[in-house]
Amino acid sequence: MEQFLQQLASGLANGAIYACVALALVMIYVSTAHINFAQGEMAMFSTYLSWQLMSWGMSFWLAFIVAVVLSFLMGVLIERLILRPLHSAPVLSLIVVFIGLLAIFNSLAGAIWSYLIKEYPSPFPKTSFGIAGVIGPHQLGVVVVTLIVLGLLFAFFRYTPLGLAMRAAAQNPQMARLVGVRVDWMLALGWGLAASVGAVAGIMVAHIVYLDPNMMGGILLYAFASALVGGISNPAGAVAGGFIVGILENMVAFAGNQIEKTTGIYIIGNGEKLTVALIIVIFVLTVKPAGLFGRVVVKRV
Amino acid sequence: MAALLEVKGLKAFYGQTQSLYDVGFEIETGGITTLLGANGAGKTTTLRAICNMVRREGLVRFDGKDIKNMPTEEVVRLRIAHVPEGRGTFTTLTVDENLRIAAYTRRDKVAVNRELERVFSYFPRLQERVQQQAGTLSGGEQQMLAIARALMLGPRLMLLDEPSFGLAPLIVVEIFRILRRINEEEKVSILLVEQNAALALDLADHAYVLETGHVVMSGPSAVVKNDENIRKSYLGY
C-alpha cells in the first residue's frame, strides 16, 4: 500500500511537470496551429538562467521569479523577431525554424554553462513538509507550485479582459481585429506566457532530473503525449493529460514490480514505463482521435 | 455638411488579382447608405478595403481624416464597426464574452455593464442566452449577436455585410427593424451591403450600384428603386 501511494505521489509530481509543458505547447498551438518543438529547450534555458541568478547570490524564489519574468520577455522577443516575419511561411519552414531554435538553445546553454551535469537545489524544507512515507517534500512542493501557477493562468484567461482578448484572437483572429484587439501582440503575449510556464516546469523538475542542456528532452516527449491525450486544442485537457500520463507511467512500473514480486517473472519495470505509457497514448488516440477531452466544437450554420 | 466617410478612386487587390477598380462614394452623418450589385461586384471587398483587410489604393477618409494607412485594429478604434460576412461569431466563447470582447479596452466596468443593458434592450433574445456558447446559437441569433457586438464598440459608422444572408424572412424583417431603430436612436450611420436589393432600398436613403469593381450608378434610394432600367440590369428583380 505504501509503495502504491509513493508511486502515485511521484506520478502526480511528474504529471504536474508534464502538465505545465503540455499547457505551454497547447497555448501556442491554439493560436497558431504550430507545435513549438523548442518549448523544452527554452524551459531548460530558463532553468539555467535561474541557476545563474542563484549562483550570483539570489535566493531561490527571487531567482525563480526573475527567471520566469526573463523567460516571458524571451518568449515575446522570439515571437516578435523570429516568427513574426514568418507568419505566412509554409508549415515546413516553421518546423525547421522550431528545430533550429531547439538546437540553438541547446548549444547556447552548453557553450555558456558547459554540458556537465549540475545539481539543482530544492527550495522546499526537508522536514515538516510532505507526508512521511507517502510524498516527499520536493514532490509535494512541485505539485503545489504548479497547481498555483495553473490556477493563476486559468483565472487570467477566464476572468480578465486581456485573457478574453487572447482567447478571441486565438479563435478568430480576423474578427478579433475587427473589435480592436491587437492580434499580433496577443500572439507575442501567448509566446511569453508559454515560455514562463515552461520555465516553471524546468525549475521545478531540475532538482529531480538534474541540470544539464538535455534535461528536457524526455519531458518534452511526455508533454507531447499529454497534450495529445488530453486534446491538443484544449488547455484544460492538456493539463489533465499531463497528470494522466504522469500517474499512468508510474502505475505501469508499480504493476510490473508487483507482478515480479508475486510471480518472480519480470515483465515490465521502470525501464519500460515510457514505452508502455506511449503505447497507451497511441491506443487512446486510435479510439478517440481528438484526445480524451478534445472539444468537438458545436457549430450551427 | 462634410461627409462622415469619403471613398475616392478605391482599388483593391487579392494577391495579383484586382477586384476593385474605381469605387467612390460618400456617407453622410446619420444616414443609411447601401451598396448593391450582383455576386462578385466587389461589395464585400469594398467594406474590407475600408477596414484595411485587403491591399488597397485610393482615398479613404473618415471624419476628415485619412485612414488609408491605418491597420484594421486602429480603424476600429475610430469607432467604425464592421459586421462581417458570415457574422464572425467567436463560436467557443459565450454570448456574454462575445459582447464584452468589443469593450475590452475599456476599464470602466460600470459603463460596460450599462452598455450591455442598452444592447440587450435591442436584442432581448440574446439576454436569455447570455451564458450559452455562441456557436450553438441559431443563424438569426448569431446575426443579432454580431450587430450587438458592433454596438458595444459605440460606433459612429456601422458596416454591415449581408445581414439577411441565410435567414428566414421573418427574422430578416425583425433585424432590419432593429437596424432602423439603431440608426435613429443611437445616431449610428450605416453602410449596408445587401443581395436583397428591395429590402436594402427600403431601409437606405442613398444607394450605390457596383458592377465588377466600378460604381455604375448612384442616387437616392427612392430614385434607384423606381428606375426600371437599373432594376432590370443590375438588381435583377
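## A helix pair in chain A

In this predicted model, H1(A) passes H10(A) in a right-handed crossing. The residues that form the contact of H1(A) with H10(A) divide into 18 nonpolar, 10 polar and one charged. Helix H1 of chain A covers residues 2–32 and helix H10 of chain A covers residues 235–263, and the two pack at an angle of about 145° with their axes 6 Å apart.

## Helix H8 of chain A

Helix H8 of chain A, made up of residues 183–209, has 27 residues and reaches 38 Å from its first C-alpha to its last, which is close to the 39 Å expected at 1.5 Å a residue. Of the 27 residues of H8(A), 22 are buried, so this helix is largely enclosed by the rest of the structure. Just after H8(A), A:Tyr210 takes a positive phi of about 70°.

## Chain A as a whole

The secondary structure of chain A comes to 11 helices and zero strands. Its C-alpha atoms fill a box of roughly 65 × 55 × 35 Å, taken along the principal axes. A compact globule with 301 residues would have a radius of gyration near 19 Å, and the 20 Å of chain A agrees with this.

Buried residues make up 47% of the 301 residues in chain A. Among the contacts in chain A between residues at least 6 apart in sequence, 74% join residues at least 24 apart.

## Chain B as a whole

Chain B has a secondary structure that comes to 10 helices and 10 strands. The radius of gyration of chain B is 17 Å, close to the 18 Å that the globule rule gives for 237 residues, so chain B is as compact as a globular protein of that length. The C-alpha atoms of chain B fill a box of roughly 50 × 40 × 35 Å along the principal axes.

In chain B, buried residues make up 45% of the 237 residues. Residues 24 or more positions apart account for 66% of the contacts in chain B with a separation of 6 or more.

## Where the chains meet

The contact between the chains takes 19 residues from chain A and 25 residues from chain B. On the side of chain A that touches chain B, helix H6 (161–171) and helix H7 (173–178) of chain A each supply at least two residues, and H6(A) gives the most, with six residues. The residues on this side of chain A divide into 11 nonpolar, three polar and five charged.

Methods:
Residues numbered from 1 in each chain as written. Chains lettered and ligands numbered in written order. Predicted model: local features only at pLDDT ≥ 70, side-chain atom pairs only at ≥ 80, totals over all residues. Contact = placed C-beta atoms within 7 Å. Helix = DSSP H or I, 4+ residues; strand = E, 2+ residues; numbered from the N terminus. Nonpolar A, V, L, I, M, F, W, Y, C, P; charged D, E, K, R; others polar. Rg over C-alpha atoms; globule rule 2.2 N^0.38 Å. Buried ≥ 20, exposed ≤ 12 C-beta atoms within 10 Å, placed from the backbone. Expected span 1.5 Å × (residues − 1). Axes fitted to C-alpha atoms, helices over the stretch in contact; angles between N-to-C directions. Left-handed = near helix turned anticlockwise from the far one by under 90°.
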